[in-house]
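Please have the sequence and the model open while I talk.

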Amino acid sequence: MILGKDRINIIAENPLGDSLDSVRIKLRDCADVLSDGVVASLLGVLVTSSAAFNLPSPDESGNVAVKLFSIQQRVRGGDIKLDQFRPLVHHVIDKSADIEIWEDVLNIIVDLNPSTPPPSGIAPTFRGTPIKSSSSRLADSETRHIVEGELFEEIKNCTFRNVGGFWDKFFDTKSWREEQKAMLEGILTTHDGKRWTSFPTVPDEKPVWDWLRSLEERFLPDAPYKFHTTRTANQFKERKGQMDLFLQRPTAETSDTFWYKHVLVVAEQKKSYDTSRFKADFLQLTRYVRSVFADQPTRRFAHAFSLCASKMELWVFDRSGAYSSGTFDIHDEPDKLARALVGYTTMNDDVMGLDTFVERKDGHRYVTLDDASGKETRLRLDKAMVRQKAIVCRGTTCYETQGSHVAKFSWASDKRKLEVEQLRLAEAMGVEGVVRVVAYRRITTIAEMREGLQFSAAHRFRGDDVYFDDPPTSTSTSSKRKSSSSHTSDDASGSKRQRSTSQKSKLATVLNDQLSIGKTKPSLYMPGEDLWENRIFSCLVVTPAGRVISEFTTIKELLESERDAIKAHRSLYVKSKTLHRDISSNNIIITNPETANGSKGMLIDLDMGKILDSGPSGARHQTGTMQFMAVEVLRKTDHTYRHDLESFFYVLVWMCARQSWLNGFGGGQKPPKESLLRKWEIGSFKDIADAKEGHMTVNSLERIMSEFPEALDVVKPLCLTIRKILFPLDEDERMSFGTPSGDPDQLYSPIIAAFDKGISKL
């Protein structure tokens, strides 16, 4: 649960102080195997705190103390699984800020106390979040197999090895300080001309780790960054998996818990070197980098390396892919290993890829931009509200700022019209219902960051050297893409690793398994002339702020915000001849009509916007959220306004069938164990298009609507009406998915009227 300003103020005015000290020792002793008694003791301390009595519960039906007391009794009775208390326990052990502890408490209350939606008379709070990201922690069913399958789709066509100029760019000894050169010379004294004298004969993880630590202690004692390793699979906060080696910035924290927000360089170490294992090892490394970008969302690029037996390869990941130094033997080329060790432990922020454009002062973060008049303005970045769990993507990250504004960092293709230009055009043309530009700053580009490097053809992964989508030809617009479950392994036999039936079953039973919500996915891949896509990194500040539509608190709020967003889409299309092309639950916000010119819902994110008749952009990917893509868009038909209206409809259905359960509309009901909407997000583009086409019949849509909580039954007639408008029957009684010719208002007007009618019946 995202805390609003009122709750944050209550937490600040009622600090926990040292009240948790007595239970902290008990928690530390049983952190791996929690007991009912210790968790109940923790809840008991929180129940009696002044903050608990003053904090309203998530459903506004009472205070947190009452809710926690009920949960405490259930814990004592052994009725609750204790794993869901683990984030809270770790925050208490780590002496985290009160706001993080209470945020965990509220999330537990939401999970264990589903409630009915608040009455319509309760006014919503308007927090400054324009987009809802994917879950802040991995869903249980988002297994390593699924994550790495998603990552492979992102990175398979933009991975490069043996890149020229790599060493001179990142490990240039000519520019090093004298102390760095002394470190280099010291390390090289332990190489006898043939091999590293103390390198273990059997390169198991621990002996190699001990060897690296010995080099660090002898020759890098004053280096600012240190090597670390993990002993258990859960030492990284709220992440699954064990990273063999990594370097991190110094922290004041002394616990055994690590945070990806501190990690600078990630590494993977293996006992043996096996070329047939390259893909698997590379994806494991990539998974760690994904977590670095998730917790350091404005980072420009990240370093990584693999050490398999005596073979080493250095990597850099950015928003356009990954590239490496190529593989070398550390015994044969000792200077490269020594340069890597000194370089990684002493790099400055610029070479490390950190966000040097954000100023840190007095515990706050600031960014300087140009306002509409070209004058510099400095804004404080408050809580990060949005981040994407992907590497090769726009990397959209949003922060609250003072003044009810939102600061959005993103990496947009240089082949597309910049969002700031689209928004300024919309404002100049009098478009209503679209956010306005406050300030803007261009930060850098991929081309600038890769300057001086020489790239050859992208790496071909064994057994996977075809595009996910066949490039369109002059005779066919059909598409074919391998799904993540059909990827073959990068081994000598080329045998396929199929997702097991049990995994598929587990995936289908988890309600909130939204792999791509809040995260762009590569789609409709179009190979271009460039080896990799150049992206422009910028910061855009817009107003007004709002809540993403998936945070709706009443049915009326859901319908009114979507209706007004459709009106905004019509205004954008008619007045500025711009098509949005990325309608999703992320890009519709609930706004306060008093600060949004009467609009209760607005459109954001014009990164994918296209001016009509402007021709193809030339960008390599059309990205979007799979669940909401129109059927014909998935089949590569040219995007029209009708396809965006179809996406609006999918958003409405998704909010009712999936999101409403998470927002507490289920009451005492339980959500369905298996959802038909799972077919909207898993599989090839063809599979998803076929599933959606089949679901748009009356009978199939009614089966989907049977997944609505009873509280959402009132929306069912509206869904059926919009279905009939968007998918009419032709002369042969076939359902039409095409765009009608003539005035677009023939679709806009009846859909908006249907929303008005549905709202009037609430």
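This is a predicted model: local features need pLDDT of at least 70, side-chain atom pairs count only at pLDDT 80 or more; totals for chains, interfaces and linings use all residues.

As background, most residues other than glycine have a negative phi, and most peptide bonds are trans.

Lys 95 also has a positive phi, of about 55 degrees, although it is not a glycine. Lys 95 is found in the loop between helix 6, residues 86-93, and helix 7, residues 98-112, and at 59% relative accessibility it counts as exposed.

Turning to the peptide bonds, the one from Thr 543 to Pro 544 is cis, with omega near 5 degrees, and Pro 544 is found in the loop between strand 14, residues 535-543, and strand 15, residues 547-548.

Let me step back to the chain as a whole. Its secondary structure comes to 24 helices and 19 strands, and of its 762 residues, 58% count as buried. Among contacts with a separation of 6 or more, residues 24 or more positions apart account for 73%. The accessible surface comes to about 31,200 Å², of which 49% belongs to carbon and sulfur atoms.

Is Ser 599 buried or exposed? At 14% relative accessibility, Ser 599 counts as buried, and its place is in the loop between strand 17, residues 588-590, and strand 18, residues 601-603. Leaving aside neighbours within four places in sequence, Ser 599 is in contact with Gly 433, Asp 564, Thr 591, Asn 592 and Pro 593.

Now to the strands, and to strand 3 in particular, which covers residues 245-248. Leu 245 and Leu 247 point one way from this strand while Phe 246 and Gln 248 point the other way, and all of them are buried. Strand 3 runs antiparallel to strand 2, residues 226-228, and three bridges join the two, with His 228 standing opposite Phe 246. Strand 3 also runs antiparallel to strand 4, residues 263-270, to which four bridges join it, and here Leu 247 stands opposite Val 265.

My last topic is the aromatic rings, for which the count comes to 37 aromatic pairs. The rings of Phe 552 and Phe 665 have their centres 5.1 Å apart and their planes at 35 degrees, so this pair is tilted. Phe 552 lies in the loop between strand 15 and helix 18, residues 555-575, whereas Phe 665 lies in the loop between helix 20, residues 641-662, and helix 21, residues 685-695, so the pair ties together parts that are 113 residues apart in sequence. Both Phe 552 and Phe 665 are buried. Phe 649 and Tyr 650 form an aromatic pair that is tilted, at 6.3 Å centre to centre and with 40 degrees between the planes, and both of these residues are buried.

One aromatic cluster includes, among others, Phe 160, Trp 167, Tyr 323 and Trp 532. Finally, there are charges over rings: the charged end of Lys 279 sits over the ring of Phe 152, 4.1 Å from its centre, and Arg 319 lies over the face of Phe 293, at 4.3 Å from the ring centre.

How values were computed:
Residues are numbered from 1 along each chain as its sequence is written. Side-chain values use heavy atoms; hydrogens and water are left out. Buried means under 20% relative accessible area, exposed over 50%, partly exposed in between (1.4 Å probe, protein chains only). Contact means heavy atoms within 4.5 Å. Two strands pair if DSSP finds at least two bridges between them. Accessible areas come from the Shrake-Rupley method with a 1.4 Å probe; for residues, only the protein chains shown count as cover. Rings of Phe, Tyr and Trp (its six-membered ring) pair if their centres lie within 6.5 Å; planes under 30 degrees apart count as stacked, over 60 as edge-to-face and the rest as tilted. A charge sits over a ring if NZ of Lys or CZ of Arg is within 6 Å of the ring centre and within 35 degrees of the ring normal.
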